[in-house]
Amino acid sequence: MPKTSQTPEAADRNVSIIVPTFREAANIAPLAERIDAALSGTGLEWELLLVDDDSGDGSEAVVAELSRRLPVRMVVRREPPRDLSLAVIEGIRLSRFDRLVVMDADLSHPPERILDLLAALDGGCDMVIGSRYAPGGSVDSSWSLYRVLNSRLATWMARPLVKCADPMAGFFATRRSVLPDLQLLRPMGYKIALELMVRGRLRVREVSIDFRDRSVGLSKMNWRQQIRFLRHLSRLYNHKFGSLARVPFFSAVGASGLVVDLACYLGLQWAGIEHRLARFLSFWPAVGWNWALNRGLTFSERARQPHLGQLARFVASSLVGLAVNVGSYALLTSYMDLFDRHRLLAFFCGVSLGSIVNFLVADLYVYGRRTETGH
Ligand SMILES: Nc1nc2c(ncn2[C@@H]2O[C@H](COP(=O)(O)OP(=O)(O)OP(=O)(O)O)[C@@H](O)[C@H]2O)c(=O)[nH]1
Ligand SMILES: [Mg+2]
């Protein structure tokens, strides 16, 4: 990736602040004013680079007005997909300086801490996270229990990937010159810091911050973004740990498929369908569910293949897995006394063997071996 031509000395006296925006017209001026107040008089040269996904809410006019007195500019992305991480990458590409700070527009991240992040960065590391969960940090006191648990769960899921208390953070400082080739990045959704940390193997430090909820404008976080986060996580696990990292995702999908299977099995009987027919019918929605989730999650970065052919191969592989499952149960209980006395053990051995076969067939045959890491 191209490096900036700044000398180290000059680089330490300036910073590009990159802010992804989508419908943040009301937050842009207060954000720029607070950054200006925090940085003016420090001798630091700065630019505020807003990367907007064609909000159409008057943001561009606000920036045009602001740019008369502050070093603020806006780049508008007009091509889909609309995506926070892709906007940040575009910002990194277009930034003037080597030192970068990335933050949200909604004033959740205190601009007054930018200098602290930069000081820590200059202290010798590749990335500094403005961390809600480092000692001394906090989240907004109005957070509901659901939101606390949601955030903690996401953090916990990312923990095997990086040594960082707040890998979900959107407030961070880094240097463009230490980042991996931007072409190789494959983020989706909100967690661009996590993407950079994992793929760039960055040395990370944390500076605690007090995170405040937005007071103006609407949050763009929704369930769709949460699914995108899971897909992103699956890619990063696969990148870091190889194909074996798919096993927990595949297992979790299988477990959820079991719930679908059971719900349909009971539901159909409740609707008056005979139990053997219900058993036969409930298999299909469950297998379709598993196929779709594995396509979107476990094997999400594999090359896209036509739906129907792939679904048919998945059904075939599920039937093979089922045969191994039931067959090994029958063999174990017929020929080994131990398993005949402890049939539950045989049941779980059957399930495990069937799942392993399912996984291998899915990995090698159903979802293909070719890797493509586009959106
Ligand atoms: N360019 C671009 N920016 C986005 C997009 N989605 C969100 N943003 C910006 O990314 C930042 C974070 O988005 P928020 O909606 O505040 O998400 P959040 O901080 O996780 O959620 P809240 O805590 O509810 O505010 C804000 O500056 C948004 O304007 C997008 O699709 N494209
Ligand atoms: Mg926000």
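**Close-up views of a predicted model**

**View 1. A salt bridge joins arginine 78 and aspartate 54.** The closest N and O atoms of arginine 78 and aspartate 54 are 2.9 Å apart; a salt bridge here is a side-chain nitrogen of Lys or Arg within 4 Å of a carboxyl oxygen of Asp or Glu. The pair links distant parts of the chain, 24 residues apart: arginine 78 sits in the loop between E3 and H4, and aspartate 54 in the loop between strand E2 (45-52) and helix H3 (59-66). Helices (H or I, at least four residues) and strands (E, at least two) are DSSP runs, numbered from the N terminus. Arginine 78 counts as exposed at 52% relative accessibility, whereas aspartate 54 is partly exposed at 35%. Buried means under 20% relative accessible area, exposed over 50%, and partly exposed in between (1.4 Å probe, protein chains only).

A word on conventions: this is a predicted model, in which local features need pLDDT of at least 70 and side-chain atom pairs count only at pLDDT 80 or more, while totals for chains, interfaces and linings use all residues. Residues are numbered from 1 along each chain as its sequence is written, chains are lettered from A and ligands numbered from 1 in the order in which they are written, and side-chain values use heavy atoms, with hydrogens and water left out.

**View 2. Arginine 214 and glutamate 24 form a salt bridge, and both are buried.** Their closest N and O atoms are 2.9 Å apart. Arginine 214 belongs to the loop between E7 and helix H8 (223-241) and glutamate 24 to the loop between E1 and H2, so the pair ties together parts that are 190 residues apart in sequence. While you are in the loop between E1 and H2, have a look at arginine 23, which has a positive phi of about 55 degrees although it is not a glycine.

**View 3. Arginine 147 meets aspartate 213 in a salt bridge.** Here the closest N and O atoms are 3.2 Å apart. The partners are 66 residues apart and link distant parts of the chain, with arginine 147 in helix H6 and aspartate 213 in the loop between E7 and H8. Arginine 147 is partly exposed at 35% relative accessibility, and aspartate 213 is also partly exposed, at 25%. Elsewhere, Asp98, Arg99, Asp122 and Arg175 are linked in a network of salt bridges. The count of salt bridges comes to 26.

**View 4. Helix H5 (residues 114-122) has Ile114, Leu117, Leu118, Ala120 and Leu121 buried.** Seen down the axis of H5, these buried residues fall within an arc of 160 degrees, so they line one face of the helix; the arc is that of the directions from the helix axis to the C-beta atoms. The buried residues of H5 pack against strand E1 (14-21), helix H2 (25-39), strand E4 (99-102), strand E5 (127-131), strand E6 (172-175) and strand E7 (204-208). Just after H5, glycine 124 takes a positive phi of about 110 degrees. In the loop between E4 and H5 you will find leucine 107, a residue other than glycine whose phi is positive, near 70 degrees. Leucine 107 counts as buried, at 18% relative accessibility.

**View 5. Alanine 169 is buried in the loop between helix H6 (145-158) and E6.** Its relative accessible area is 5%. Leaving aside neighbours within four places in sequence, alanine 169 is in contact (heavy atoms within 4.5 Å) with Ile129, Gly130, Arg132 and Ala193. Alanine 169 and lysine 191 are 22 residues apart in sequence and 7.4 Å apart in space, C-alpha to C-alpha.

**View 6. The peptide bond from proline 80 to proline 81 is cis.** Its omega is near 0 degrees. Proline 81 is found in the loop between strand E3 (72-76) and helix H4 (84-94).

**View 7. Domain 1 (8-236) and domain 2 (243-366) make up the domain assignment of the protein chain.** The bounds come from an automatic or database domain assignment. The centres of domain 1 and domain 2, taken over C-alpha atoms, are separated by 41 Å. Across the two, 5 residues of domain 1 are in contact with 7 residues of domain 2. Alanine 316 lies in helix H11 (residues 307-335) and is partly exposed, with a relative accessible area of 37%.
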